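Subject: Structure handover

Hello,

Here is the structure we talked about handing over. Please look through it first, then read the notes below.

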Amino acid sequence: MSLLLKGGTVYTGQGFLQTDVAVDEGRIVSISPSAAGEGDSVIELHNCLIVPGFVDVHVHLREPGFSYKETIYSGTAAAAAGGYTAVCAMPNLKPVPDSPENLAPELEAIRKHARVRVYPYGAITRGERGEELADLAGMAGEVCGFSDDGRGVQNAGMMKRAMARARELGKPIVAHCEDESLLPSGWAIHDGAFCRSLGLVGNPPESEWKQVERDIALVRETGCRYHVCHVSTKESVALLRAAKAEGLAVTCETGPHYLVLTDEELEDDGRFKMNPPIRTAADRDALVAGLLDGTVDCIATDHAPHSAEEKGRGLAGSLNGIVGLETAFPVLYTQLVETGIVPLEVILKALCVNPRRIFGLEGGTIEAGAVADLAVLDLNRPHVIDPASFRSLGRATPFAGWGVSAGVAMTICGGEIVYADLQSKEESL
């Protein structure tokens, strides 16, 4: 399909430019004021921002094994609606992708049903049980990295072996950092005043940062590329800042909910239950500071859908996990950019540019010859977040009912329009 995107402002990955973008055969042909050619589909995008498609390096698509929560199709349709052209899919599936044979069903489902690019992770250990290394070499050609997300690797010797093998294979270790010896049984939320007021069991911050600290020491020994999932504590930010200053190959992500919420704003509702939990204002502020100074590289949603029943048991009884693909950009723009807390370009680098750099993925710039993976953003689209409208099968979000001021107007993946909602834009003109 030949497309001519006219009248928008383009974020090239380096800055902003008002111009047209011509797309043909899955690639960007030109960035310049252009006249429509024969066969072009012309799309007027005045007052819209055209950016490289977002990349979420931390999503749970639930297929194979848990398709009642989400499928490859529904999850990638949600990604497209959120402006994402690529997602990295976590391995807590059934079967766990810990060998080429167990990875094959996921790859087949991706091939058949994905609406955007999906890069799977392979597990670090067999069955994500932490007892035996997975077949890392056998999966290396098909995965973007190795993770046991959902569980921290408890044995330091096992993690060191995994790091050494991953370094040999040129792949990153992507770590869910959680020291289970520091976690009380039946924890519900962050161990703070709100937790105690409800009589709940709390999750202490050291359960995260102590394992970050351990793993940084192992990176120092092995030279492995190491990426920390869903950072939530100020101590983790400080450790990662120091590791980067030392020159270690460490990167990290945090989620929109950790950047804009604190535990003082929680309700006794399963849509506020995730792991790690939302923590204090000091932790939130440290994460924002880390985003601003480059310590926090990526914003990832940890999109983790569950059934309504699994999320309907309050904070104490609900499963961990919220959905986020369809709310990330509107929330980030409204809460951080419009308020002047974080420049738009910093948000875009964390969504578009840094994830591709860290994981070696194509795209991230808008220039002639680049892959046509694009998101069109409408920065003047006020609406209320309504989970009933989600493409995802999951509905649990702490942002339900929030008013936001921006949205996604179109997503283009490989030159094909995979999501479009231009009607609202036309009505507002």
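The chain has 13 helices and 21 strands. Its radius of gyration is 21 Å, close to the 22 Å given by the globule rule for 429 residues, so the chain is as compact as a globular protein of that length. Please keep in mind that this is a predicted model.

Overall shape and surface

Of the 429 residues, 60% are buried. The chain exposes about 15700 Å², and carbon and sulfur atoms supply 49% of that area.

How far apart in sequence are the residues that contacts join? Taking contacts between residues at least 6 apart in sequence, 74% join residues at least 24 apart.

As for charge, there are 38 positive and 58 negative side chains. The centres of these two sets lie 4 Å apart.

Aromatic rings

A pair of aromatic rings is described by the distance of the centres and the angle of the planes. The count for this chain comes to 6 aromatic pairs. One of them joins Tyr11 and Phe16, with 5.2 Å from centre to centre and 45° between the planes, and is tilted. Are the two partners buried or exposed? Tyr11 has a relative accessible area of 0% and buried means under 20%, so Tyr11 is buried. Phe16 has 40% relative accessibility, which lies between the 20% and 50% cut-offs, so Phe16 counts as partly exposed.

Another pair is formed by Phe399 and Trp402. Their ring centres are 4.8 Å apart and their planes are at 70°, and angles over 60 degrees count as edge-to-face, so this pair is edge-to-face. Phe399 is buried, at a relative accessible area of 3%.

Ring pairs also link Phe54, Tyr84, Phe329 and Tyr333 into a cluster.

One residue in detail

Gly407 lies in strand S20, which covers residues 407-413. With a relative accessible area of 3%, Gly407 is buried. Which residues does Gly407 touch, not counting residues up to four places away in sequence? They are Pro330, Val376, Leu377, Asp378, Arg381 and His383. Between Gly407 and Ala134 there are 273 residues in sequence and 40 Å in space, taken from C-alpha to C-alpha.

Regards

Definitions and conventions: Residues are numbered from 1 along each chain as its sequence is written. This is a predicted model: local features need pLDDT of at least 70, side-chain atom pairs count only at pLDDT 80 or more; totals for chains, interfaces and linings use all residues. Side-chain values use heavy atoms; hydrogens and water are left out. Helices (H or I, at least four residues) and strands (E, at least two) are DSSP runs, numbered from the N terminus. The radius of gyration is taken over C-alpha atoms; the globule rule is 2.2 Å times the number of residues to the power 0.38. Buried means under 20% relative accessible area, exposed over 50%, partly exposed in between (1.4 Å probe, protein chains only). Contact means heavy atoms within 4.5 Å. Accessible areas come from the Shrake-Rupley method with a 1.4 Å probe; for residues, only the protein chains shown count as cover. Lys and Arg count as positive and Asp and Glu as negative; His and the chain ends are not counted. The place of a charge is taken as NZ of Lys, CZ of Arg, CG of Asp or CD of Glu. Rings of Phe, Tyr and Trp (its six-membered ring) pair if their centres lie within 6.5 Å; planes under 30 degrees apart count as stacked, over 60 as edge-to-face and the rest as tilted.
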